[in-house]
Amino acid sequence: GGAMSFLKRFLPPADGVRHQQPDTEVLLAGRSLGAGTLYIAESRLSWLENSGVGFSLEYPTISLHAVSRDLSAYPWEHLYIMVNGKFEEETKEGPVAEGEDKEDSDDDVEPIAEFRFVPSDKSALEAMFSAMCECQALHPDPDDDDSDNDYEGEEYDVEAHELEQGDIPTFYTYEEGLSHLTAEGQATLERLEGMLAQSVSSQYNMAGVRTEDSIREFEDGMEVDIAPVVAGQFEDAEVDH
Amino acid sequence: MEISHSVKERTIAENSLVILLQGLHGHVTTVDLRDESTATGRVTNVDAFMNVRLAEVTFTDRQGTVSHLDEFFVTGRNVRYVHIPDQVDIRATIERQLQAIHRIRYFGGRDKGRREFPRAKHK
């Protein structure tokens, strides 16, 4: 075919190749670039023609991929890949082969490129698709400011905890601790405090002792209805707290 | 309803609404993409980065052309909106996902007894 200037000569990837599919034709915007081998590697996606020239795609530039088996839309089952960006073979006008989608030529819309990888072995499409999914997941969006991914051990890592047996977390004051809890944690805390409130009154009745400190501790943010105590009621009792 | 094997991914999911999307496994859902195309299909996986995998998909591109795709994967970055099906109880779904995460965190893998909360130092 004509000069495809984005094609260059390079060696196939050596490491992290999750899937390799020989005898795979690739089409860009409906034009065939020839037959070669598709390498779905952890670092990038590469295709090399049998002559040794080819191209690579970086996963962050790939917005979606899919398996197409609808022969009424496209005559061969293939792996479809949509890439953000322009590749030099795209033309703004002109007839498009086989009636498939033309490239969007609007200036104010992000340009996209559509690749179709047609393996001679159709049964490989599942594996190719899955390998793509796995590799995409290895390249999460670095610009994602939507979510706070900066977690400093908020998750209770059980294994780590068991290994560092001396490392007991510090005790939070009520307000501090509350802000560290998820909604579920807060609900659990309320439940436990409710249970504690019920047991507090009996506990302190049994001991017959109420100190100023203990009253303050249990009145923090909690409605505790402690029944009046008869001092020394169980003086001789042995109490296990 | 698969929970990730990664501690980091579980933490991310637990602290964002991705956890709701992860509860949509098996449901037919429409995903609106950043470029205004849409994909309707059955959710097979959503990860912590909001990458969405669908099966049996009707895809409408930004020009309105419809195509049918067997398997479909879109990166989280390109997802604008995920439609929650009417029959999904959002609150129950989130709670169920949280419970699944906590089962793994506290009881998964080993037989050793696990404390649910870290011990607190007493004054």
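Student: Rings of Phe, Tyr and Trp (its six-membered ring) pair if their centres lie within 6.5 Å, with planes under 30 degrees apart stacked, over 60 edge-to-face and the rest tilted. Which residues form one aromatic cluster?

Tutor: A:Phe6, A:Trp47, A:Phe55, A:Phe115 and A:Phe117 do. Bear in mind that this is a predicted model, where local features need pLDDT of at least 70, side-chain atom pairs count only at pLDDT 80 or more, and totals for chains, interfaces and linings use all residues. Residues are numbered from 1 along each chain as written, chains are lettered from A and ligands numbered from 1 in written order, and side-chain values use heavy atoms, without hydrogens or water.

Student: How many aromatic pairs does the whole structure have?

Tutor: Seven, counted over all chains. One of them is A:Phe55 with A:Phe115, a stacked pair at 5.1 Å centre to centre and 25 degrees between the planes.

Student: Where do A:Phe55 and A:Phe115 lie?

Tutor: A:Phe55 is in strand E5 of chain A and A:Phe115 is in strand E8 of chain A, so the pair ties together parts that are 60 residues apart in sequence.

Student: OK, zooming out. Which residues have the most contacts inside the largest nonpolar core?

Tutor: A:Leu45, A:Phe55, A:Leu79, A:Ile81, A:Phe115 and A:Phe117, in a core of 30 residues. A core here is a set of buried Ala, Val, Leu, Ile, Met, Phe, Trp, Tyr and Cys residues joined through side-chain atoms within 4.5 Å. Several elements of chain A supply at least two residues each, including strand E2 (17-28), strand E7 (78-84) and helix H1 (125-137).

Student: Which element gives the most?

Tutor: H1(A), with seven residues. Among the buried residues of H1(A) are A:Leu125, A:Met128, A:Phe129 and A:Met132, and the buried set also includes A:Ser130 and A:Gln136.

Student: What is A:Ile81 in contact with?

Tutor: Leaving aside neighbours within four places in sequence, the contacts of A:Ile81 (heavy atoms within 4.5 Å) include A:Leu45, A:Ile62, A:Leu64, A:Phe115, A:Phe117 and A:Met132. Its list also has A:His65 and A:Glu114. Apart from that core lies another, of 22 residues, and A:Met82, B:Val43, B:Val79 and B:Val82 are among them.

Student: What about A:His78, buried or exposed?

Tutor: A:His78 counts as buried, at 0% relative accessibility. A:His78 is part of strand E7 of chain A, and its side chain reaches the backbone oxygen of A:Trp76 at 2.8 Å. Beyond neighbours within four places, A:His78 is in contact with A:Ala66, A:Val67, A:Ser68, A:Arg116, A:Phe117, A:Val118, A:Pro119 and A:Leu125.

Student: Back up a second, how many helices and strands are there in chain A?

Tutor: Five helices and eight strands. From the N terminus, the order is β-β-β-β-β-β-β-β-α-α-α-α-α. Of its 241 residues, 34% count as buried.

Student: What does E1(B) pair with over five bridges?

Tutor: Strand E2 (residues 38-46) of chain B, in the antiparallel sense; pairing takes at least two DSSP bridges. E1(B) also pairs with strand E5 (residues 79-82) of chain B, antiparallel over three bridges. B:Asp32 has a bridge partner in E2(B), B:Thr38, and one in E5(B), B:Tyr81. The hairpin of E1(B) and E2(B) has four residues between the strands, and B:Glu36 takes a positive phi near 75 degrees there.

Student: And what joins strand E6 (residues 62-68) of chain A to strand E4 (residues 66-74) of chain B?

Tutor: Four bridges, with the strands running antiparallel. A:Leu64 stands opposite B:Val74 in E4(B). Within chain B, strand E3 (residues 52-60) is joined to E4(B) by eight bridges, again antiparallel, and B:Val57 has B:Leu69 as its bridge partner. In the hairpin of E3(B) and E4(B), with five residues between the strands, B:Gly64 takes a positive phi near 95 degrees.

Terms used: Buried means under 20% relative accessible area, exposed over 50%, partly exposed in between (1.4 Å probe, protein chains only). A polar contact is a pair of N or O atoms within 3.5 Å; within protein, one must be able to donate a hydrogen and the other to accept it, and residues adjacent in sequence count only if both atoms are side-chain atoms.
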